[in-house]
Amino acid sequence: MLATMLGLALAAFFWLPAFWFKNLVQVSRLTQGRFGFSAGFQSLGTLFSYDVFFSLGWLWLLLFAAPAVVVLLRKRKAACVRLIAVPFLLALFLVVLVTAPSRVLWENIPLLPYFQFPWRFLGPMAVFLALACGISVYCLGQFDRKIPWRVLERLVFVLLLGNALLACTPARPVSAGFDALLQKKRRRTAIRRSWL
C-alpha cells in the first residue's frame with residue numbers, strides 16, 4: 001500500500017494537472033477514432049501467434065499452463081496454491097481485458113478508455129504471469145528434490161529464446177517516397193546550417 005501511494009505521489013506531476021485541467025482540453029478526442037479501445041481488441045488466436053507486434057507467441061500458452069498444473073498437483077499445499085492463484089488469476093484477467101468480451105468493462109469503468117489500446121495490459125500481464133510461474137517452480141522445487149532443475153532451467157531458456165526469435169520479423173526497406181522525403185529534409189538542414 002505504501003509503495004502504491006509513493007508511486008502515485010511521484011507521478012503526481014503528470015496525473016494531477018491532467019485531472020485538474022481536464023475541462024480545458026478536448027479529452028474526448030483521446031478515446032475516439034483510431035485511439036478508441038474498440039479497435040484494439042484482439043482474438044486469442046492473434047494474441048498467441050506471431051502476426052502483430054504485440055503477439056505473445058505459442059510459448060505463453062505453456063506458461064499459462066504451468067501454474068495451473070502445479071496447483072492441480074499440489075492441492076494439499078494451500079499456501080502454494082494461494083501464492084500462485086493470485087498472480088495467475090490477475091494475469092488471466094488482463095488477458096481477458098485485451099479481448100472483445102471485455103467490452104462491457106471498457107464501456108462502464110470510467111477511466112479505462114483512456115488507456116486507449118487494450119494490448120497495453122500485456123505488460124502487466126507478463127509481470128503477473130512471470131510471478132506465478134516463478135512461485136510454481138519454487139513450490140515444485142520445495143516439495144520434489146528429484147527434478148533436474150538445471151536441465152529444466154536451460155530448457156526454459158532455450159524455449160524463451162526460440163519464442164523471441166520467432167517473434168522477430170525481418171526489417172523491411174524504407175519506401176521510396178519516405179526515403180526521398182528524408183533526403184529533402186537533410187538538404188534543408190544542411191542549408192540552414194550553412195547560413196549559420
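Does Q116 count as buried or exposed, and at what relative accessibility is that decided? In this predicted model, Q116 has 11% relative accessibility, so Q116 counts as buried. The cut-off for buried is under 20%.

**Around Q116**

Q116 sits in a loop. That loop runs between α6 (103–108) and α7 (122–143). Neighbours within four places in sequence aside, Q116 is in contact with L30, F35, G36 and F37.

**The aromatic pairs**

F37 also takes part in ring pairing. The count of aromatic pairs comes to six. Two of the pairs that involve F37 are set out here.

| Pair | Distance between ring centres | Angle between planes | Type |
|---|---|---|---|
| F37 and F41 | 6.0 Å | 70° | edge-to-face |
| F37 and W106 | 5.3 Å | 20° | stacked |

Why is the pair of F37 and W106 called stacked? The planes of F37 and W106 are at 20°, so the pair is stacked; the cut-off for stacked is under 30 degrees. The planes of F37 and F41 are at 70°, so that pair is edge-to-face. Here the cut-off is over 60.

Where do F37 and W106 lie in the chain? F37 is in the loop between α2 (12–20) and α3 (44–47). W106 is in helix α6.

**Burial and cluster**

F37 and F41 are buried. W106 is buried as well. Ring pairs join F37, F41, W106 and F121 into a cluster.

How values were computed:
Residues are numbered from 1 along each chain as its sequence is written. This is a predicted model: local features need pLDDT of at least 70, side-chain atom pairs count only at pLDDT 80 or more; totals for chains, interfaces and linings use all residues. Side-chain values use heavy atoms; hydrogens and water are left out. Helices (H or I, at least four residues) and strands (E, at least two) are DSSP runs, numbered from the N terminus. Buried means under 20% relative accessible area, exposed over 50%, partly exposed in between (1.4 Å probe, protein chains only). Contact means heavy atoms within 4.5 Å. Rings of Phe, Tyr and Trp (its six-membered ring) pair if their centres lie within 6.5 Å; planes under 30 degrees apart count as stacked, over 60 as edge-to-face and the rest as tilted.
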